[in-house]
Amino acid sequence: MLKLYGGARSRASIVKWYLEEIAVPYEFVMLDMQAGAHLQPEYLEINPIGKVPAIVDGDFKLWESGAILLYLAQKYGKMPDTLEEQAQIVQWVIFANATLAPGIFTEATRDRETPKLLTPLNQIFEKQPFLMGDEFGVADAAVGSALAYIPMMLKLDLSPYPAVVDYIKRISERPAFKSAIGGS
């Protein structure tokens, strides 16, 4: 069975959310980060960087939440058939981790980056319920988790972005989200 390693309030909850969405059985291994469990030799064999999340799937080890999400989507048949559509999904997952989260959660750049990031997202969500169209997908787990953390962690005025607010509400009401993130 696939093992997902994470800590309390870690990015592992994003992977947990997606695993629940696609109904893949997994074992969650909670690491005591305060006690340094992520720095022990056994865990460093899984992720030499010593960060969470990481997965072990048989003999295969993988870390970095975005890479894990894309692997799971590929393995469990949740990726579209065309290379172009797959590339768009990869684009959104990388955007979530490399651009969106740092832009919003880095205090020094937040005021400048928030409108640049949320205005185009708002325009997308005015036209369609999810990033890739009418269905929830792995891109939504990546981008949606970053957006959903805004009202949980920041006092940011999202009123200029009503479609983003609706999107956050829509994904936050999903049973898998509530199970994996909503209670954390």
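In this predicted model, residues Trp92, Phe95, Thr99, Leu100, Pro102, Gly103, Ile104 and Phe105 of helix α4 meet Glu107, Thr109, Arg110, Glu113, Thr114, Leu117, Leu118, Leu121 and Ile124 of helix α5. By class, this contact of α4 with α5 comprises 10 nonpolar, four polar and three charged residues.

**Helices α4 and α5**
- Helix α4 spans residues 83–105 and helix α5 residues 107–127; their axes lie 6 Å apart and the packing angle is about 135°.
- Because of that angle, α4 is oblique to α5.

**Helices α6 and α7**
- Helix α7 (residues 162–172) and α6 have axes that come within 9 Å and cross at roughly 105°.
- The two helices, α6 and α7, are therefore roughly perpendicular to each other.
- On the α6 side, Asp140, Gly144, Leu147, Ala148 and Pro151 take part, meeting Val164, Tyr167, Ile168, Ile171 and Ser172 of α7.
- The contact of α6 with α7 has, by class, seven nonpolar, two polar and one charged residues.

**The four-stranded sheet**
- Four strands form an open sheet in the order β2-β1-β3-β4, and their pairing is mixed.
- Strands β2 (26–30) and β4 (60–63) stand at the edges with a single partner strand each, so one side of each has no neighbour in the sheet.
- On average, neighbouring strands of this sheet are turned by 20° against each other, direction ignored.
- Strand β1 (residues 2–6) pairs with strand β3 (residues 54–57) in the antiparallel sense, over three bridges.
- Leu4 has Ile55 in β3 as its bridge partner.

**Helices on the sheet**
- Helix α1 (residues 12–21) packs on the sheet and touches β1 and β2, with a direction at about 150° to that of β1.
- Helix α3 (residues 65–75) lies across β1, β3 and β4 and runs at about 135° to β4.

**Ser145 in helix α6**
- Ser145 belongs to helix α6, which covers residues 138–153.
- Ser145 counts as buried because its relative accessibility is 2%, under the 20% cut-off.
- A polar atom of the Ser145 side chain lies 2.8 Å from the backbone oxygen of Ala141.
- Leaving aside residues up to four places away in sequence, Ser145 touches Ile14, Trp17, Asp140 and Ile181.
- Of these contacts of Ser145, Asp140 is also one of the α6 residues that meet α7.

Technical notes
Residues are numbered from 1 along each chain as its sequence is written. This is a predicted model: local features need pLDDT of at least 70, side-chain atom pairs count only at pLDDT 80 or more; totals for chains, interfaces and linings use all residues. Side-chain values use heavy atoms; hydrogens and water are left out. Buried means under 20% relative accessible area, exposed over 50%, partly exposed in between (1.4 Å probe, protein chains only). A polar contact is a pair of N or O atoms within 3.5 Å; within protein, one must be able to donate a hydrogen and the other to accept it, and residues adjacent in sequence count only if both atoms are side-chain atoms. Contact means heavy atoms within 4.5 Å. Axes are lines fitted to C-alpha atoms, for helices over the stretch in contact, and angles run from 0 to 180 degrees between N-to-C directions. Angles under 35 degrees count as roughly parallel, over 145 as roughly antiparallel, 65 to 115 as roughly perpendicular and the rest as oblique. Ala, Val, Leu, Ile, Met, Phe, Trp, Tyr, Cys and Pro count as nonpolar, Asp, Glu, Lys and Arg as charged, and the others, Gly among them, as polar. Two strands pair if DSSP finds at least two bridges between them.
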